[in-house]
Amino acid sequence: MLLNVEGWPDDVARFLASLARHGGSREVEVILADRRPEAARAEPPAWAGGPGRHLVAGPGAGFGAACNLALGAASGTVVVLVDTSLELTGDLLGSLLTALADTTVAVAGPFGLATADLCDYDERTAGDVAAVQGYCLATRRADLLSAGGVQEAFTWYRNADIDLSLRLRTLDEPTRRAVAVGAEHCVRHTHRAWEATPEAERAKRSRRNMGVVHEVFFGRKDLTVT
């Protein structure tokens with residue numbers, strides 16, 4: 001379980017507490033890549049449910065770089081990138097592991113995206129989708145490493161999940177699937193990074209990041225799911 005920590009310690013604590021309640025009997029490794037300005041001297045968020053590591057990425061690290069720092073420390077067969085706005089209410093991990101047991105599935109998560117053109121997206125919470133949103137994105141660690149992790153061009157989080165989903169789906173031939181599963185086992189709270197960014201800056205950064213996606217995937221109708 002890889003968490004990108006930018007701040008909002010109460011959100012981190014809420015997620016970790018929900019994971020402890022609903023992680024089941026399986027052992028879960030939690031790795032926190034901490035980008036808070038005070039991270040080097042701060043107390044790491046408490047995690048008592050299994051092995052864990054607190055890595056200081058520092059405030060100069062972007063979103064992609066922090067994710068890759070955490071990925072480099074991971075040892076599990078499956079990795080789950082999670083935003084701390086998420087709270088588990090049931091066995092979400094079980095749903096994700098079951099989905100990834102199917103070798104045709106490259107990426108899974110509770111909140112997917114459907115699109116006819118890789119430009120405009122609609123949320124889907126069940127079935128095949130074009131991409132999985134970064135609130136919770138699960139894939140095999142070997143695949144994520146083969147894909148090169150999260151592109152470090154994504155210094156802000158927006159649309160990095162679409163790029164990663166498409167790169168995971170196209171690692172091999174034939175193209176593999178993205179699946180939305182497990183939305184009934186979690187809830188989303190306020191996304192602090194979105195709310196803390198001024199509207200004009202959100203639009204600018206979102207367009208830039210979608211441009212990174214389109215550099216590789218624009219026009220790939222075979223990756224669309226409607």
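A residue counts as buried when its relative accessible area is under 20%, as exposed when it is over 50%, and as partly exposed in between. The model discussed here is predicted.

Leu97 belongs to helix H3, which spans residues 92-100. Neighbours within four places in sequence aside, the contacts of Leu97 are Arg26 and Val78. Between Leu97 and Ala108, which are 11 residues apart along the chain, the C-alpha separation is 8.8 Å.

Asp91 is placed in the loop between strand E5 (86-88) and H3. Its relative accessible area is 34%, so Asp91 is also partly exposed. When neighbours within four places in sequence are set aside, Asp91 is in contact with His22, Arg26 and His185. The C-alpha atoms of Asp91 and Ala147 are 28 Å apart, for a separation of 56 residues in sequence.

The buried positions are Phe63, Gly64, Ala66, Cys67, Asn68, Ala70, Leu71 and Ala73. Their cover includes strands E1, E2, E3 (52-56) and E4, together with helices H4 (141-146) and H5.

In soluble globular proteins, nonpolar side chains tend to be buried together. The largest nonpolar core of this model holds 41 residues, and Leu2 and Ile162 are the members that touch the most others. At least two residues of this core come from each of strands E2 (30-34), E4, E6 (105-109), E10 (131-132) and E12 (177-180), and from each of helices H2, H5 and H7. The greatest contribution is that of H2, with 6 residues. A second, separate core has 28 residues, among them Leu19, Val80, Leu92 and Cys136.

Which residues does Leu2 touch, not counting residues up to four places away in sequence? They are Ile31, Cys67, Ala70, Leu71, Ala74, Val79, Val80, Leu81 and Val82. Of these, Cys67, Ala70 and Leu71 are among the buried residues of H2.

## Strands and their pairing

In a regular strand the side chains alternate between the two faces of the sheet. In E1, Leu2 and Asn4 point one way and Leu3 and Val5 the other, and all are buried. E1 runs parallel to E2, and 4 bridges join the two strands. Through this pairing Val5 has Asp34 of E2 as its bridge partner.

Elsewhere, 3 strands make up an open sheet with antiparallel pairing, in the order E8-E7-E10. E7, residues 112-114, is joined to E8 by 3 bridges in the antiparallel sense. Gly112 has Arg124 of E8 as its bridge partner.

Rolling a probe the size of a water molecule over the atoms shows where empty space is left. The largest pocket contains about 690 Å³ of space. Its lining comprises 37 residues, and those closest to the centre are Gly134, Tyr135, Tyr157, Asp161 and His191. Two or more lining residues come from each of strands E1 (2-5) and E4 (78-82) and helices H2 (63-73), H5 (160-169), H6 (192-195) and H7 (199-217). H5 gives the most to this lining, with 4 residues.

The second largest pocket has a volume of about 310 Å³. It is lined by 19 residues, and Met1, Glu27, Val28, Glu29 and Val78 lie nearest its centre. E4 and H3 each supply at least two of the residues that line the second largest pocket.

The table gives the make-up of each lining by residue class.

| Pocket | Nonpolar | Polar | Charged |
|---|---|---|---|
| Largest pocket | 21 nonpolar residues | 10 polar residues | 6 charged residues |
| Second largest pocket | 13 nonpolar residues | 3 polar residues | 3 charged residues |

Definitions and conventions
Residues are numbered from 1 along each chain as its sequence is written. This is a predicted model: local features need pLDDT of at least 70, side-chain atom pairs count only at pLDDT 80 or more; totals for chains, interfaces and linings use all residues. Side-chain values use heavy atoms; hydrogens and water are left out. On a 1 Å grid over the protein atoms alone, a cavity is a set of points where a 1.4 Å probe fits but cannot get out, and a pocket is an open set with protein on both sides within 12 Å along at least five of seven lines; lining residues have an atom within 4 Å of a point. Grid points are joined across faces, edges and corners, and a volume is the space filled by probe spheres set on the points. Ala, Val, Leu, Ile, Met, Phe, Trp, Tyr, Cys and Pro count as nonpolar, Asp, Glu, Lys and Arg as charged, and the others, Gly among them, as polar. A nonpolar core is a set of buried Ala, Val, Leu, Ile, Met, Phe, Trp, Tyr and Cys residues joined through side-chain atoms within 4.5 Å. Buried means under 20% relative accessible area, exposed over 50%, partly exposed in between (1.4 Å probe, protein chains only). Contact means heavy atoms within 4.5 Å. Two strands pair if DSSP finds at least two bridges between them.
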